[in-house]
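Here are some notes for a colleague opening this model for the first time. Please read them with the structure on screen.

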Amino acid sequence: NDAPGIKKDPLTPLEHLRAVSGRTLLVVILAMIAICMVDSLARVVSLLGALLGIPLGFIIPLIIHLKLVPESSPLTKLFNWTALLLGLGMSITCTAITLKTW
């Protein structure tokens, strides 16, 4: 009784490298921005919130729900997709505002 969508085989080294490299690159870039902009902590925190906080709170849980409960009702799917797109829009808008007022 395996859950749908879960791999039985462990990741190959190349798959593991691909999975980790994107996250590592994002952390390195954001760390470099934080180091360079240490005098502007409020701006760095605002950028981190827009790039990481909003997706963590709005986008990722909805993606997980869509994957784990594929048989949910059409109304639930509509709500999930609407909230996901709103979260994506908020993330893009907040990032643009932060960069514009930098």
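1. Contact here means heavy atoms within 4.5 Å.

2. The model is predicted, so local features need pLDDT of at least 70 and side-chain atom pairs count only at pLDDT 80 or more, while totals for chains, interfaces and linings use all residues. Residues are numbered from 1 along each chain as its sequence is written, and side-chain values use heavy atoms, with hydrogens and water left out.

3. Asn80 lies in helix H3. Helices are DSSP runs (H or I, at least four residues), numbered from the N terminus. The relative accessible area of Asn80 is 4%, so Asn80 is buried. Buried means under 20% relative accessible area, exposed over 50%, and partly exposed in between, with a 1.4 Å probe and protein chains only.

4. The side chains of Asn80 and His65 are joined by a polar contact of 2.8 Å. Such a contact is a pair of N or O atoms within 3.5 Å; within protein, one must be able to donate a hydrogen and the other to accept it, and residues adjacent in sequence count only if both atoms are side-chain atoms.

5. Leu62 sits in helix H2 and is buried, at 13% relative accessibility. Beyond its neighbours within four places in sequence, Leu62 is in contact with Asn80, Ala83 and Leu84. Between the C-alpha atoms of Leu62 and Gly49, 13 residues apart in sequence, the distance is 18 Å.

6. Which residues make up the largest nonpolar core? There are five: Ile59, Leu62, Leu66, Ala83 and Leu84. A nonpolar core is a set of buried Ala, Val, Leu, Ile, Met, Phe, Trp, Tyr and Cys residues joined through side-chain atoms within 4.5 Å.

7. The axes of H2 and H3 come within 9 Å and cross at roughly 170°. Axes are lines fitted to C-alpha atoms, for helices over the stretch in contact, and angles run from 0 to 180 degrees between N-to-C directions. H2 and H3 are therefore roughly antiparallel to each other, a label for angles over 145 degrees.

8. Leu88 is also placed in helix H3. At 39% relative accessibility, Leu88 is partly exposed. Leu88 and Leu51 are 37 residues apart in sequence, with their C-alpha atoms 10.0 Å apart.

Key: Helix = DSSP H or I, 4+ residues; strand = E, 2+ residues; numbered from the N terminus. Parallel < 35°, antiparallel > 145°, perpendicular 65-115°, else oblique.
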